[in-house]
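I am opening a notebook on this structure. The entries below record what I looked up, in the order I looked.

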Amino acid sequence: MRIRVFDGILWGVTFLLVVTVFLMPDTVPLHWDENWQIDGYGSRYMFLILAFIPMAIYYGMSLTKHIDPKRMNLEKRKKTYRLFQYGLTVFFLILAAFFEYSAFNPQQDGEQFVLLLVSVLLIGMGNYLPKIPQNYFFGVKTPWTLASDTGTGVRFKFVGLATLYFFAD
């Protein structure tokens with residue numbers, strides 16, 4: 001039941017993001033420099049891509065879970081995989097909504113919000129990445145991690161701790 005509720009919310013928010021694109025001016029800010037000054041403009045239709053990224057992530061992660069040759073490993077950690085799936089989808093929904101808001105209010109300073117959002121994403125990934133089992137689609141993909149369960153655990157722990165260390169400061 002929770003999955004259907006999340007699907008409904010995802011479709012509803014995506015619909016609102018698409019409708020909002022048609023309410024924008026024809027030319028909108030698309031890029032900001034390091035000082036949060038607009039340095040790139042473009043067509044409002046570029047935001048359509050941004051509106052559909054959360055859906056692509058959500059349904060793409062659902063698909064890859066079913067076609068992964070090591071899907072039994074993911075079944076053991078279904079909650080962790082779902083947490084990543086929901087987390088990444090919500091992250092990109094918030095990001096799409098924020099950038100559409102920025103198109104309507106180009107003078108606002110969103111640097112702190114974007115930094116906070118990316119920091120939360122990286123800390124969350126660093127915390128939960130070591131819990132992801134060996135698979136072919138998600139996490140660190142090297143010949144060593146795919147060949148050995150021990151190698152997967154060690155590398156994911158290292159990447160997770162390094163992410164927490166470097167991005168939590």
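I began at a strand: His31 stands opposite Gly40 in β2. I noted that this is a predicted model, where local features need pLDDT of at least 70, side-chain atom pairs count only at pLDDT 80 or more, and totals for chains, interfaces and linings use all residues. Residues are numbered from 1 along each chain as its sequence is written, and side-chain values use heavy atoms, with hydrogens and water left out.

Strands. I found β1 and β2 (residues 38-43) paired antiparallel over five bridges; pairing takes at least two DSSP bridges. Strands here are DSSP runs of E, at least two residues, and helices are runs of H or I, at least four, numbered from the N terminus. Five residues lie between the strands of this hairpin, and Trp36 has a positive phi near 60° there.

Aromatic rings. I found Trp36 again in one aromatic cluster with Trp32, Phe98, Phe99 and Phe113. Rings of Phe, Tyr and Trp (its six-membered ring) pair if their centres lie within 6.5 Å; planes under 30 degrees apart are stacked, over 60 edge-to-face, the rest tilted. I looked up Phe91 and Phe92, an edge-to-face pair at 4.9 Å centre to centre with 85° between the planes. Buried means under 20% relative accessible area, exposed over 50%, partly exposed in between (1.4 Å probe, protein chains only). Phe91 is buried because its relative accessibility is 8%, and Phe92 is partly exposed because its value is 24%.

Contacts. I checked Met61: beyond its neighbours within four places in sequence, Met61 is in contact (heavy atoms within 4.5 Å) with Ala56, Tyr81, Phe84, Gln85, Leu88 and Phe138.
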